[in-house]
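Subject: Structure handover

Hello,

I am passing on the structure we talked about, and below it you will find what came out of looking through it. Please read the notes with the structure open beside them.

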Amino acid sequence: MVQNKPLVGVIMGSASDTDVMRGCMETLDSLEIPYEVKVLSAHRSPDEARAYALSAKERGIEVIIAGAGWAAHLAGALASHTIIPVIGVPIDSSPLNGLDALLSTVQMPPGVPVATVAIGAGGARNAAVLAAEILALKYPELERRLVALREKQRAKVLGQDTPS
Ligand code: RP5
């Protein structure tokens, strides 16, 4: 363990986002990164979302991952209240299959960035890996785990050669 208290805040706009975000939590678990999970909405619970972002740094959170669907301004709203890095996961929960969430998340005006990953479950996993890469700049054991993960992926791909 890097440490026991949460380093990553995983925020989702609704409990209905849990299935898509599950791979994010699994990846953080596999990298042994402590995290907390909260449901907070930029439009349904704006005061609580703001309070979370304002207090995150002083509580020891070093990266926020925010997943939301539809007109997904959760990641941007959180980013507007903190200078810790915010990674946005566009959730494919709308009739537009997440394209709306992708644009809402990625198209931040200059000055307040959201590091946006791919739509849906794959993006949720990548959000965890990107958070780990950010944290690895400070925690050397995480760098070792990420190198091991890359090696595992390489071995898996090479093991998929079809017999000639
Ligand atoms: C967004 O609206 C949430 O992130 C979710 O993806 C979507 C639908 O939420 P529910 O109506 O299922 O609570 O804010």
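V106 belongs to helix α4, which covers residues 99-106; helices here are DSSP runs of H or I with at least four residues, strands are runs of E with at least two, and both are numbered from the N terminus. This is a predicted model, in which local features need pLDDT of at least 70 and side-chain atom pairs count only at pLDDT 80 or more, while totals for chains, interfaces and linings use all residues. Residues are numbered from 1 along each chain as its sequence is written, and side-chain values use heavy atoms, with hydrogens and water left out.

V106 has a relative accessible area of 36%, so it counts as partly exposed (buried is under 20%, exposed is over 50%, and partly exposed lies in between, with a 1.4 Å probe and protein chains only).

Helix α2 (residues 46-56) has A49, Y52, A53, S55 and A56 as its buried residues. These buried residues pack against β1 (8-12), β2 (35-39), β3 (63-69) and α3 (74-79), where contact means heavy atoms within 4.5 Å.

Which residues are around the ligand? They are G13, S14, S16, D17, H43, R44, A68, G69, W70 and S93, each with a heavy atom within 4 Å of it. On its own the ligand has 360 Å² of accessible area, and the protein covers 77% of that (areas come from the Shrake-Rupley method with a 1.4 Å probe; for residues, only the protein chains shown count as cover).

S94 sits in the loop between β4 and α4, and it counts as buried because its relative accessibility is 6%. The side chains of S94 and D100 are joined by a polar contact of 2.7 Å, that is, a pair of N or O atoms within 3.5 Å, where within protein one must be able to donate a hydrogen and the other to accept it, and residues adjacent in sequence count only if both atoms are side-chain atoms. Not counting residues up to four places away in sequence, S94 touches W70 and D100.

Best wishes
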